[in-house]
Amino acid sequence: MKPEFIIIHHSATDRDQTSFESVNEFHKQKWNFKSKLGYYIGYQYFITADGKLYQGRADDETGAHTIGYNINSIGICLAGNFMVEQPTPAQINSLESLVASKREQWNIPVKNILGHREVGQTLCPGDNLMSWVKEYREKFLQVEKPKTKEEIKVEIIKLLEQL
Ligand SMILES: [Zn+2]
């Protein structure tokens with residue numbers, strides 16, 4: 001199924017100690033639900049503290065990360081507990097490029113980029129990553145928002161002045 005949402009998560013574990021392999025192993029023990037790519041991790045993507053990106057599931061494959069959204073969303077998880085830690089600049093860089101490319105590839109509207117807590121009873125992705133999600137949406141919603149009459153008037157006046 002075509003993904004319609006991007007849902008952001010944190011691992012809720014120590015940022016610098018959490019690897020793709022450790023989460024994959026944890027999920028294997030938990031539900032043993034193997035992806036087409038041969039992994040058990042419930043997220044489509046995982047970003048470690050050094051900014052390295054791992055893919056665990058195909059974009060259009062059912063995930064195991066957000067109840068009610070597993071069949072139509074891309075789950076992205078960053079290693080860390082962002083209730084108490086901050087994401088690294090490298091993690092944020094990778095996240096921004098990944099979100100940009102997936103939005104473009106699947107034509108996902110910016111309003112459909114969500115933090116896990118917005119659609120479930122959880123603290124995930126932690127306050128310090130949730131703030132990134134909100135800022136990201138605001139930044140791009142501004143761009144997508146139609147102009148007001150007043151803004152258009154100002155632009156026309158500017159153009160006329162150039163004549
Ligand atoms: Zn989550």
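Reply: Start with tyrosine 45. Leaving aside neighbours within four places in sequence, tyrosine 45 is in contact with Leu53, Tyr54, Gln55, Ile76 and Leu98. Contact here means that the C-beta atoms of two residues, placed from the backbone, lie within 7 Å.

Two notes on the basis. The model is predicted: local features need pLDDT of at least 70, side-chain atom pairs count only at pLDDT 80 or more, and totals for chains, interfaces and linings use all residues. Numbering runs from 1 along each chain as its sequence is written.

Tyrosine 45 counts as buried, because it has 24 C-beta neighbours inside 10 Å. The cut-offs: buried takes 20 or more other C-beta atoms within 10 Å of the residue's own, exposed takes 12 or fewer, and partly exposed lies in between, with C-beta atoms placed from the backbone.

Tyrosine 45 belongs to strand S2. Elements are DSSP runs numbered from the N terminus: helices are H or I with at least four residues, strands are E with at least two. The chain has four helices and five strands. Read from the N terminus, they come as β-α-β-β-β-α-β-α-α.

Now the sheet. It is open, with five strands in the order S3-S2-S4-S1-S5 and mixed pairing. Pairing requires that DSSP finds at least two bridges between two strands. S3 (53-55) and S5 (113-115) are the edge strands, each pairing on one side only. From one strand to the next, the twist averages 25 degrees. Helix H2 (residues 89-106) packs on this sheet and touches S1, S2 (45-47), S3, S4 and S5. The direction of H2 makes about 170 degrees with that of S4. Such angles run from 0 to 180 degrees between N-to-C directions, with axes fitted as lines to C-alpha atoms, for helices over the stretch in contact.

S2 pairs with S4 in the parallel sense, over three bridges. Isoleucine 47 has leucine 78 of S4 as its bridge partner. S4 (residues 73-78) also runs parallel to S1 (residues 5-10), joined by six bridges. There, histidine 10 has leucine 78 as its partner, and isoleucine 6 stands opposite isoleucine 74.

S4 is mostly covered, with six of its six residues buried. Ser73, Gly75 and Cys77 point one way; Ile74, Ile76 and Leu78 point the other.

Next, the core. The largest nonpolar core has 26 residues, and Ile6, Phe46 and Ile76 have the most contacts inside it. At least two of its residues come from each of S1, H1 (20-30), S2, S4, H2, S5 and H3 (127-144). S4 gives the most, with four residues. By nonpolar core I mean a set of buried Ala, Val, Leu, Ile, Met, Phe, Trp, Tyr and Cys residues joined through C-beta atoms within 7 Å.

Phenylalanine 46 reaches H1. Apart from neighbours within four places in sequence, phenylalanine 46 is in contact with Phe20, Val23, Ile41, Tyr54, Gly56 and Cys77.

Phe20, Val23 and His27 are the buried residues of H1. Down the helix axis they fall within an arc of 70 degrees, so they line one face of H1. The arc is that of the directions from the helix axis to the C-beta atoms. An α-helix has 3.6 residues a turn, so residues three or four places apart point the same way. S2 and S3 are among what covers the buried residues of H1. Glu21 and Gln29 are exposed on the other side. Just after H1, asparagine 32 takes a positive phi of about 50 degrees.

For contrast, look at H4 (residues 149-162). The expected span is 1.5 Å times one less than the number of residues.

Last, the whole chain. Along the principal axes, its C-alpha atoms fill a box of roughly 70 × 35 × 30 Å. Of its 163 residues, 33% are buried. Among contacts between residues at least 6 apart in sequence, 66% join residues at least 24 apart.
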